[in-house]
Number of protein chains: 2
Amino acid sequence: MRRVSLIEATCPIARALDEIGDWWTLLIVRDAFGGKTRFGEFQKSLGLAKNILTERLKTLVANGVLEKRPASDGGARSEYHLTEKGRQLRVILFALRQWGEDHLFEDGEEMMVARDRGNLPIARLRLMNSVGDTLAPEDIVTAKGRKRKQTAHASTRTTLA
Amino acid sequence: MRRVSLIEATCPIARALDEIGDWWTLLIVRDAFGGKTRFGEFQKSLGLAKNILTERLKTLVANGVLEKRPASDGGARSEYHLTEKGRQLRVILFALRQWGEDHLFEDGEEMMVARDRGNLPIARLRLMNSVGDTLAPEDIVTAKGRKRKQTAHASTRTTLA
DNA sequence: CCGTATCCATTCCGATACTG
DNA sequence: CAGTATCGGAATGGATACGG
């Protein structure tokens, strides 16, 4: 897809962008969260060329973000469903949404909004340290380290411990 | 930059991707958070072609993510600094980091990690509703709405309500 | 309906040379 | 050091035609 691959970078941001930093990819994932599962639904919703969609879907399946299954009605069609890895992209999508809302819309402008199933608003994402202090953007630094062994599923933990 | 512009989309995710969804852009911003300010620093760190960097920096400045200033030492050089809008991209970068850490590294693999200035780990980002319930990825729905007037600065608020 | 295949225009990106 | 200019190969993306 690109001249230089960052798959070997030690920066998780670089690796993440290498896998889902493509322009269309996160929009496909967004639609998958919206309940779309079929080729034609994505194609109609996004308006992208079918060959591009084919390739993006293949990559997403190969990377374990989407799962391809035969259609539930037994037809010849396929369905694409988010895997757990894909479902965890929700935080990234919401971070993008929050920033877009804050900086790319005028007050009162028509805009898609997110709510939970009970129609409650979603709380803003905040950066905090492990003792709960809210951090300003510049309060974060990076250093060399190693990935810690995961003892419990990531989505059930609230801190890095 | 692209055939179809999503600048008019009513989805904040689409607009955000339209502005910073480019491949190199978030890596430049990441380096800016790392304290880099000069053309050569970005170029050396990222290894991208200079003409591409020139264009990306121009776009970032035009979009108000970076600010171009004369070098503080009075030389002919310029410095690029994050604006407040740019600083608020930190949440997106951290969401990418968190997902990359979880899914793109093996246990024990060498990896850049984030800490706060006191060397405390950063807490995981969680999706919650306005009353503090943690939400699963599928507990979020979208609907038509309008951008609410901002009464206080976004970074000081903890919920949308 | 779900893709695959092909063609073509545009853009991206790297490399290099050049200017101040 | 900080760009600008230019070139060419590769990838992107739109459109269309075709096959299961």
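Mentor: On a 1 Å grid over the protein atoms alone, a cavity is a set of points where a 1.4 Å probe fits but cannot get out; a pocket is an open set with protein on both sides within 12 Å along at least five of seven lines, and lining residues have an atom within 4 Å of a point. Grid points are joined across faces, edges and corners, and a volume is the space filled by probe spheres set on the points. The model is predicted, with local features needing pLDDT of at least 70 and side-chain atom pairs pLDDT 80 or more, while totals for chains, interfaces and linings use all residues. Residues are numbered from 1 along each chain as its sequence is written, chains are lettered from A and ligands numbered from 1 in the order in which they are written, and side-chain values use heavy atoms, leaving out hydrogens and water.

Trainee: How many cavities of 30 Å³ or more does the rule count?

Mentor: The largest cavity has a volume of about 100 Å³. The second largest cavity holds about 80 Å³. With the threshold set at 30 Å³ or more, the count of cavities is four.

Trainee: How many charged residues line the second largest cavity?

Mentor: Ala, Val, Leu, Ile, Met, Phe, Trp, Tyr, Cys and Pro count as nonpolar, Asp, Glu, Lys and Arg as charged, and the others, Gly among them, as polar. The lining consists of A:R124, A:L125, A:R126, A:M128, B:R124, B:L125, B:R126 and B:M128. Four of these residues are nonpolar and none is polar, and the number of charged residues is four.

Trainee: What area is buried between chain B and chain A?

Mentor: Contact means heavy atoms within 4.5 Å, and 86 residues of chain B are in contact with 85 residues of chain A. Buried area is the accessible area (1.4 Å probe) that two parts lose on being put together, summed over both. Carbon and sulfur atoms give 64% of the area between the two chains, which is about 9500 Å².

Trainee: How many salt bridges are counted between chain B and chain A?

Mentor: A salt bridge is a side-chain nitrogen of Lys or Arg within 4 Å of a carboxyl oxygen of Asp or Glu. The side chains of B:R117 and A:D139 form one, at 3.5 Å from N to O. Between chain B and chain A, the count of salt bridges is six.

Trainee: In what order do the elements of chain A run from the N terminus?

Mentor: Chain A has six helices and four strands. From the N terminus on, their order is α-α-α-α-β-β-α-α-β-β.

Methods
Helix = DSSP H or I, 4+ residues; strand = E, 2+ residues; numbered from the N terminus.
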